[in-house]
Amino acid sequence: MKRSQGKAIPVEDSPHKSHILVVSSAVRELCDHSLMLQRFGYRVCAAQTGAQALELAALSRPSLVIADRTLPDMDCLDLLRKLSSDARSISMIVILPVAAECVEACNFELGGALPALTKPVAAEDLYRTVQAAIEPTPRATIRIRTSLPVKVNNTLLDCNRGECAIDLSAQGMYVRMLKPFRPNRNLKVTVNIGSRAVTAGATVLYTRAFGDGPSASPGMAVKFTAIEPDDQAFLASYIRGEVTKEPGNAER
């Protein structure tokens, strides 16, 4: 917990997310995809072969498998059949080579049953496809966990008490604060990212209070309703950079 002379907001761990198993014999791609998924907030384990994937799945019981179309020891469809042999419900996303004809052939063979991504996999495409596959309320734009200074109606929130933006997308953010505004209230918000301040008109979508859940932070979710295109593009670029940057630069 962050402490100050006033009341502090408990800083909880990232909310529970589904477990994803990533399978690829291409080590760099395996690392890149796994890292992006972790930065989306998911729990991830990785395997380079189908046999390794089956061993990990027996321990971790993933709700989603993201696998290359062809693995060194088996086809991804064979992997899915073996993973589902115990009647578990497991979703799969197939990673395909770039060639368009390969995508069409896979879709024909699978009967359109499995979503597919092509290499190189863009962060936005991976996020949307995973969201659609396993989330009850899928999001279209990437949202990242963060901790950024925020002004609400020109008043700077108290970072020493844990008041800041803790979730950020190009469309809105969740502001952790002790006394959030009521839903449907129109506000002016400013989030500071490095030397740049992004200001937008926003509407409060919902609020949370202490005790609303085991991992809920008190505060409010706001949707941007009036934001300059350059500022929105900057947010999208910043978020993409946070998701895809090299591990050695993960902490600023």
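**Close-up views of a predicted model**

**View 1. Strand β4 sits between two parallel neighbours, β3 and β5.** Five bridges tie strand β3 (residues 64–68) to β4, and the two run parallel. This is a predicted model, where local features need pLDDT of at least 70, side-chain atom pairs count only at pLDDT 80 or more, and totals for chains, interfaces and linings use all residues. Residues are numbered from 1 along each chain as its sequence is written, and side-chain values use heavy atoms, with hydrogens and water left out. Helices (H or I, at least four residues) and strands (E, at least two) are DSSP runs, numbered from the N terminus; two strands pair if DSSP finds at least two bridges between them. Look for Ile66, which stands opposite Ile93 in β4. Three bridges join β4 to strand β5 (residues 116–118), again running parallel, and there Leu96 has Thr118 as its bridge partner. Five of the six residues of β4 (residues 91–96) are buried, so the strand is largely enclosed by the rest of the structure. Buried here means under 20% relative accessible area, exposed over 50%, and partly exposed in between (1.4 Å probe, protein chains only).

**View 2. An open sheet is built from eight strands.** The order is β6-β9-β10-β13-β12-β11-β7-β8, with antiparallel pairing. At the edges are β6 and β8 (155–156), each pairing on one side only. As a bit of background, strands of a sheet pair through backbone hydrogen bonds, either parallel or antiparallel. Seven bridges hold β12 to β13 in antiparallel fashion, and Thr207 finds its bridge partner in β13, namely Met220.

**View 3. Strand β9 is mostly covered.** Five of the five residues of β9 (residues 164–168) are buried. Strand β6 (residues 144–148) joins β9 through three bridges, antiparallel, and four bridges link β9 to strand β10 (residues 172–176), also antiparallel. Asp167 is a handy landmark: Arg145 stands opposite Asp167, and Asp167 also stands opposite Tyr174 in β10. Between β9 and β10 there are three residues, and the two strands form a hairpin.

**View 4. The second largest pocket has a volume of about 280 Å³.** Of its 16 lining residues, the closest to the centre are Arg139, Arg143, Ser169, Gly172 and Met173. The elements giving two or more residues to the lining are β9, β10, β12 (196–208) and β13 (219–226). By class, the lining has eight nonpolar, four polar and four charged residues. For that count, Ala, Val, Leu, Ile, Met, Phe, Trp, Tyr, Cys and Pro are nonpolar, Asp, Glu, Lys and Arg are charged, and the others, Gly among them, are polar. A pocket is an open set of points on a 1 Å grid over the protein atoms alone, where a 1.4 Å probe fits, with protein on both sides within 12 Å along at least five of seven lines; lining residues have an atom within 4 Å of a point. Grid points are joined across faces, edges and corners, and the volume is the space filled by probe spheres set on the points.

View 5. In α2 (residues 50–60), the buried residues are Gly50, Ala53, Ala57 and Ser60. In α3 (residues 76–83), Cys76, Leu77, Leu79, Leu80 and Leu83 are the buried residues. At the start of α3, a side-chain oxygen of Asp75 comes to within 2.7 Å of the backbone nitrogen of Leu77.

**View 6. Arg61 and Asn153 both have a positive phi of about 50° without being glycine.** Most residues other than glycine have a negative phi, and most peptide bonds are trans. Arg61 lies in the loop between α2 and β3 and, at 51% relative accessibility, counts as exposed. Asn153 sits in the loop between β7 (150–152) and β8; at 32% relative accessibility, Asn153 counts as partly exposed. For a cis peptide bond, go to Lys119 and Pro120, where omega is near -10°. Pro120 lies in the loop between β5 and α5 (123–134).

Notes. Polar contact = N/O pair within 3.5 Å; in protein donor to acceptor, adjacent residues only side chain to side chain.
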